[in-house]
Amino acid sequence: MKAPSFAYAKPGSPAEAFELARRPGAKVLAGGQSLIPALNMRLSQPELLVDISGLPFREISLEQGVLRIGALVTHSEIEKSEEIARHAPLLAEAVKHVAHPAIRNRGTVGGSIALADPAAEYPACMVALDASIAVAGASGERLVKAQYFFKGLFEVDLAPGELVAAVEVPAQLKDQRSVFLELARRHGDYAIIGLAAYKGKSTRFVFCGAGPTPVLAKHASAARDLDTAVSLLEKDLEPSADLYHSAATKLHLAKVLLKRAWTTLSTSP
Amino acid sequence: MDYALDITLTVNGTQVSRRVAPRQHLVDFLREELGLTGSHVGCEHGVCGACTLRVDGAIVRGCLMLAVQANGCRVETIEGLSDSKELAPLQKAFHERNALQCGFCTPGMLMAAQDLLRQNRKTTREEIRLHISGNYCRCTGYQAIVDAIEEVMQTEVTHGKG
């Protein structure tokens, strides 16, 4: 199908972008790998697309133990980045599950975070890594903990005229472990269920495709042994059925991933 | 309402300027404005891969990019890569191994396969399958396609050709 009619603007500066993005009917276009399919299927009918690809949100930098990844960094760039492989290996693992090469060449980190598709990989990773989202607007930049940024189904802590500028991920230390696992019908398809797991001073199991937002499995994360974690997972997750999988199947598959992740996290590197 | 914008881009080495509607996809622009109908339009929401193009050296979905986003870009299509003979070894291998039947997916499949070959490294069959995982073929069952790509990859990597 063809997209509906809309106006298009490509701001040259953040200030101009904030002004355009707050107009009624405006939608922000980054890589477009989720927005354009939505336009094609007429699920979205904006009056104005604000193409932010000209903005300077492309850095990957490490400063004082924090890895800052600009919103316009593409999935392919994540895949190729040595800094990310070294300091945020969870993201390097997760990106392999993000769609296919042609889509990874254009889709961006910021787009994935700002859209907050419940089946998407990065939002779950951000919560697992206790990352912060850098939100930029006319009045400056604010940092929001990932856990509070994802508020509901496709609902995030962004006001009109605000953009995701970057994500800030604590660099992974030597004694910390992480693993990303996902089940999908075809490699690169949306997750049936996925798991971003992190183990440092505390442990965090965060599922994608299991609810309206990334779901931190609090009880399972606090469990001391695998059997307890598996049995407590039912308290943490209430996945709703999708077209192909019942809620019971999803919960079963979540347990399968939890077992695999537990084994990986408890094996020394 | 007329939202039309002027764009200038390079398509297969030739600079073109046109006035386009922002809603027009890059693949539709190439097919309808420039008559380059080698890139096919299948699902129109990024699933099938039939519209695979190369933009500034990287493969993209032609149905998930607007023509206005390609302003100032270097776009290469199946026609360009075919004319330049870049695809000749793959085309020969696809032909010899019956790696196509109806041919609808073939342009996109060749673009994706060539993208892997350009990395100029030896890859496993599993990696080949991953790299073309975003391209649907409903005729061949993929085996012959993987065979053809593997054959070219082995010849090129062995002979050190880039």
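View 1. In chain A, 61% of the contacts with a separation of 6 or more come from residues 24 or more positions apart. Keep in mind while looking around that this is a predicted model. You'll be tracing 12 helices and 14 strands through chain A. The radius of gyration of this chain is 18 Å, close to the 18 Å that the globule rule gives for 269 residues, so chain A is as compact as a globular protein of that length. As for what's tucked away, buried residues account for 49% of the 269 residues in chain A.

**View 2. Where chain A meets chain B.** Now zoom in on the contact between the two chains: 26 residues come from chain A and 25 residues from chain B. On the chain A side, four elements each supply at least two residues: β1 (7–9), α2 (35–40), β3 (48–51) and α6 (101–104). Sort the chain A residues that touch chain B by class and you get 14 nonpolar, eight polar and four charged. For the complex, the predictor gives an ipTM of 0.94 and a pTM of 0.96.

**View 3. Chain B and its two assigned domains.** Moving over to chain B, the domain assignment gives domain 1 (5–81) and domain 2 (85–158). Taken over C-alpha atoms, the centres of domain 1 and domain 2 of chain B sit 22 Å apart. Thirteen or fourteen, which domain gives which? The contact takes 13 residues from domain 1 of chain B and 14 residues from domain 2 of chain B. If you're wondering about confidence here, chain B averages a pLDDT of 95, and 97% of the residues score at least 70.

**View 4. The domain 1 side of the contact inside chain B.** Here's a closer look at the side of domain 1 of chain B that touches domain 2 of chain B. Of the elements, β3(B) gives the most, with three residues. By class, this side of domain 1 of chain B has seven nonpolar, five polar and one charged residues.

Methods: Residues numbered from 1 in each chain as written. Chains lettered and ligands numbered in written order. Predicted model: local features only at pLDDT ≥ 70, side-chain atom pairs only at ≥ 80, totals over all residues. Contact = placed C-beta atoms within 7 Å. Nonpolar A, V, L, I, M, F, W, Y, C, P; charged D, E, K, R; others polar. Domains from an automatic or database assignment. Rg over C-alpha atoms; globule rule 2.2 N^0.38 Å. Buried ≥ 20, exposed ≤ 12 C-beta atoms within 10 Å, placed from the backbone. pLDDT = per-residue confidence, 0-100.
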